[in-house]
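Here is a short briefing on one protein chain. Keep the structure open beside the text and find each residue as you read.

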Amino acid sequence: VHEEARMSANEGHRRLWNDPEWVKRWLEVEASAAPVTGPLLEAAGIQAGERVLDIGCGGGLTTIAAARAAGAGGSATGVDLSQPLLELARARAAEEGLPNVSFVAADGQSEPFPGGPFEVAISRFGVMFFNDPVAAFGNILAHLEPGGRLAFACWQGAVQNPWFAQPILERYRPAAPAAGGGPPPGPLAFGNRAYVEAILGEAGFDATAWHEHAYTWRDRPGSIADPRAIAGMGLEDEQAAKAIAELRELEARFTVGGEVVTDRRYVIVTARR
Ligand SMILES: C[S@@+](CC[C@H](N)C(=O)[O-])C[C@H]1O[C@@H](n2cnc3c(N)ncnc32)[C@H](O)[C@@H]1O
């Protein structure tokens, strides 16, 4: 029974992040998260010799950056439930000849990760997809040294990020709320400061701090109105056509001189075990 419960946790997201169409789309979107890496690493304050855990590491770019910061005497371990993204992450680390980085296929919410205990846990947009966030952060905390640091980036809310397609997509396929009645897991699930602080507190973290950041991103036409955004949602043709029409309208609001220009508002949350 325990095994079944573990396997079913986050099953929807496991399927989504292993869907080849979705993964192709994420790899295009990945570049748009580049401006977040610097502020995230600065907030994490990684010292030479430290062991770093990267949760929801995706293609591993932040894991690789963390491994460099930790130096030869330290290490970085990336955890993700997407096999194709982990393969890419491993290939990238091998190409750079980095010996102190490793990648583990696991559900960050419920499964143990080797390579710890860690002095630091980081994540760039990889912690908003848990269906039981308190359990997930409890699992992360259990892998940290006493006094260990947590630093992650998450998006501010839908109001601060009106360019996000998520609220449109959720009308076509409503998702179940997170355990405890929180917003459904997804990129905008952590936009509310009081909610995030409550989750971290319940999971046992202290000294939570919230630092707001923003940047402007210029992208190609079709980057918001991308049919792959609805791939795997299982919509009937008519519904799919309506959804794409709505995404086109959304994109038109941000189209300036042939580019899609969006102001992106995110938060770096830090805490301590
Ligand atoms: C928006 S992507 C960010 C990827 C990466 N951190 C980056 O910045 O390039 C979110 C990542 O979280 C991963 N993810 C979602 N739910 C997860 C879970 N329960 N455990 C581990 N990883 C998860 C996805 O597979 C995906 O790679």
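In this predicted model, helix H7 has these buried residues: Pro 133, Ala 136, Phe 137, Asn 139, Ile 140 and Leu 141. The cover over them includes strand S1 (51-55), strand S4 (118-124), S5 and H9.

**Helix H7 against helix H9**

- H7 spans residues 133-142, and H9 spans residues 193-203.
- Their axes come within 8 Å and cross at roughly 50°.
- The two helices are therefore oblique to each other.
- The crossing of H7 past H9 is right-handed.
- On the H7 side, the contact uses Pro 133, Val 134, Phe 137, Gly 138 and Leu 141.
- On the H9 side, it uses Tyr 195, Ile 199, Leu 200, Glu 202 and Ala 203.
- Sorted by class, the residues where H7 meets H9 are eight nonpolar, one polar and one charged.

**The nonpolar cores**

- In soluble globular proteins, nonpolar side chains tend to be buried together.
- Here the largest nonpolar core has 79 residues.
- Which residues have the most contacts inside this core? They are Phe 137, Phe 152, Phe 190 and Phe 205.
- Strand S5 (residues 144-155) gives the largest share of this core, with seven residues.
- Phe 152 touches residues beyond four places away in sequence, among them Leu 40, Ser 123, Val 127 and Phe 137.
- Its other partners include Phe 190, Val 196, Leu 200, Val 267, Ile 268 and Val 269.
- A second, separate core has seven residues, including Trp 17, Trp 22, Trp 26 and Leu 81.

**Helix H3 against helix H6**

- Helix H3 (residues 20-30) and helix H6 (residues 83-95) have axes that come within 10 Å.
- At what angle do these axes cross? They cross at roughly 45°.
- That angle makes H3 oblique to H6.
- H3 brings Val 23, Trp 26, Leu 27 and Glu 30 to the contact.
- H6 brings Pro 84, Leu 85, Leu 88 and Arg 92.
- By class, the residues where H3 meets H6 are six nonpolar, no polar and two charged.

- Glu 87 is in helix H6. Is Glu 87 buried or exposed? Its relative accessibility is 53%, so Glu 87 counts as exposed.
- The C-alpha atoms of Glu 87 and His 213 are separated by 31 Å, and the two residues are 126 residues apart along the chain.
- Thr 262 is in strand S8 (residues 259-272). Its relative accessible area is 1%, so Thr 262 is buried.
- Thr 262 and Thr 216 are 46 residues apart in sequence, yet 5.7 Å apart in space, C-alpha to C-alpha.
- Beyond its neighbours within four places in sequence, Thr 262 is in contact with Trp 163, Tyr 215, Thr 216, Trp 217, Ile 224 and Phe 254.

**Backbone points to look up**

- Gly 116 and Pro 117 are joined by a cis peptide bond, with omega about 0°.
- Pro 117 sits in the loop between strand S3 (101-105) and S4.
- Phe 125 is not a glycine, but its phi is positive, near 60°.
- Phe 125 lies in the loop between S4 and H7. Its relative accessibility is 9%, so Phe 125 counts as buried.
- Ala 207 is not a glycine either, and has a positive phi of about 55°.
- Ala 207 is in strand S6 (residues 206-219). Its relative accessibility is 57%, so Ala 207 counts as exposed.

Terms used. Residues are numbered from 1 along each chain as its sequence is written. This is a predicted model: local features need pLDDT of at least 70, side-chain atom pairs count only at pLDDT 80 or more; totals for chains, interfaces and linings use all residues. Side-chain values use heavy atoms; hydrogens and water are left out. Axes are lines fitted to C-alpha atoms, for helices over the stretch in contact, and angles run from 0 to 180 degrees between N-to-C directions. Helices (H or I, at least four residues) and strands (E, at least two) are DSSP runs, numbered from the N terminus. Angles under 35 degrees count as roughly parallel, over 145 as roughly antiparallel, 65 to 115 as roughly perpendicular and the rest as oblique. A crossing is left-handed if the near helix is turned anticlockwise from the far one by less than a right angle, and right-handed if clockwise. Contact means heavy atoms within 4.5 Å. Ala, Val, Leu, Ile, Met, Phe, Trp, Tyr, Cys and Pro count as nonpolar, Asp, Glu, Lys and Arg as charged, and the others, Gly among them, as polar. A nonpolar core is a set of buried Ala, Val, Leu, Ile, Met, Phe, Trp, Tyr and Cys residues joined through side-chain atoms within 4.5 Å. Buried means under 20% relative accessible area, exposed over 50%, partly exposed in between (1.4 Å probe, protein chains only).
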